[in-house]
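Here is a short briefing to read with the model open beside you.

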Amino acid sequence: MIKITTPATREEYKAYYALRYKVLREPWGHPKGTEKDDYEPISEHFMAINEAGEVVGVVKLYEKSAGVGSVSHLAVAQEYQRKGIGHMLLNAVEHRARERGMTVVGSMSRVTSTAYFEKWGYHVVGLPAPHLGTTNLVWMEKKLDD
Ligand SMILES: CC(C)(COP(=O)(O)OP(=O)(O)OC[C@H]1O[C@@H](n2cnc3c(N)ncnc32)[C@H](O)[C@@H]1OP(=O)(O)O)[C@@H](O)C(=O)NCCC(=O)NCCS
């Protein structure tokens, strides 16, 4: 069974960032370190754990502006994709965003993932912009109902 939890120990954070790097950076040959951004210290981190305690999915949340949550670095290990884990992680961050009083959540989505976010109620708001020279990102938003 997959559980959603938050990293707490140094080892858990290492595994959390390792999965983020493996899914979102390594395939494009980006160097280690590029998997982190300036918002790590003010973010809440969530990870999906399998029965063996391995990290198989990750996502983070921070308040981008008053009432607006930024959902970022959503990634699921390749062999665990299309099993509902991405959706579980999105539900977890959206639940937390509501708890914190946020009314909107958004994500800088890869242009290849906009259909995925649309499936869960997000819509494109911005214009695509280049990211790390290999992909384009576009801001997508979802209103959180009360
Ligand atoms: C995108 C991602 C997070 C989705 O997580 P997931 O656990 O595989 O997705 P879920 O199981 O929650 O949802 C599956 C459904 O979403 C849809 N879906 C999944 N990936 C999709 C994609 N890239 N584009 C469009 N729809 C997609 C499908 O409808 C799928 O249902 P189906 O298998 O019955 O057709 C995951 O595939 C991933 O990590 N991809 C690589 C990194 C990435 O692109 N991250 C997004 C950051 S912008």
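The shell around the ligand draws at least two residues from each of α1 (10-24), β4 (68-76), α2 (85-99), β5 (104-110) and α3 (114-119). These labels follow DSSP runs, numbered from the N terminus: helices are H or I runs of at least four residues, and strands are E runs of at least two. Please keep in mind that this is a predicted model, in which local features need pLDDT of at least 70, side-chain atom pairs count only at pLDDT 80 or more, and totals for chains, interfaces and linings use all residues. Residues are numbered from 1 along each chain as its sequence is written.

**Around the ligand**

- The ligand has 19 residues around it, and those that come nearest are Gln-81, Arg-82, Gly-86, His-87 and Ala-115. A residue counts as near a molecule or strand if its C-beta atom, placed from the backbone, lies within 6 Å of it.
- Sorted by class, this shell holds 8 nonpolar, 7 polar and 4 charged residues. Here Ala, Val, Leu, Ile, Met, Phe, Trp, Tyr, Cys and Pro are nonpolar, Asp, Glu, Lys and Arg are charged, and the others, Gly among them, are polar.
- Arg-82 sits in the loop between β4 and α2, and its phi is positive, about 65 degrees, although it is not a glycine.
- Arg-82 counts as exposed because it has 7 C-beta neighbours inside 10 Å. The cut-offs, with C-beta atoms placed from the backbone, are 20 or more other C-beta atoms within 10 Å for buried, 12 or fewer for exposed, and anything in between for partly exposed.

**Helix α2**

- α2 has 15 residues and spans 21 Å from its first C-alpha to its last, close to the 21 Å expected at 1.5 Å a residue; the expected span is 1.5 Å times one less than the number of residues.
- Its buried residues are Ile-85, Gly-86, Leu-89, Leu-90, Ala-92, Val-93 and Ala-97.
- Viewed down the axis of α2, these buried residues fall within an arc of 160 degrees, so they line one face of the helix. The arc is taken over the directions from the helix axis to the C-beta atoms.
- The cover over those buried residues includes β1 (3-5), β2 (44-49), β3 (55-65), β4 and β5, where contact requires C-beta atoms, placed from the backbone, within 7 Å.
- After α2 comes Gly-101, with a positive phi near 85 degrees.

- β1 and β2 run antiparallel and are joined by 3 bridges; strands pair if DSSP finds at least two bridges between them. Thr-5 has Met-47 in β2 as its bridge partner.
- β2 and β3 are also antiparallel, with 6 bridges, and Glu-44 stands opposite Leu-61 in β3.
- The hairpin of β2 and β3 has 5 residues between the strands, and Gly-53 there takes a positive phi near 85 degrees.

**Partners of β8**

- β5 runs antiparallel to β8 (residues 135-143), joined by 7 bridges, and Ser-107 is partnered with Met-140.
- β6 (residues 123-124) pairs with β8 in the antiparallel sense over 2 bridges, with His-123 partnered to Glu-141.
- β7 (residues 129-131) pairs with β8 in the antiparallel sense over 3 bridges, and His-131 is partnered with Thr-135.
- β7 and β8 form a hairpin with 3 residues between them. Leu-132, in the turn, has a positive phi of about 55 degrees although it is not a glycine.
- With 11 C-beta neighbours inside 10 Å, Leu-132 counts as exposed.

Notes:
Contact = placed C-beta atoms within 7 Å.
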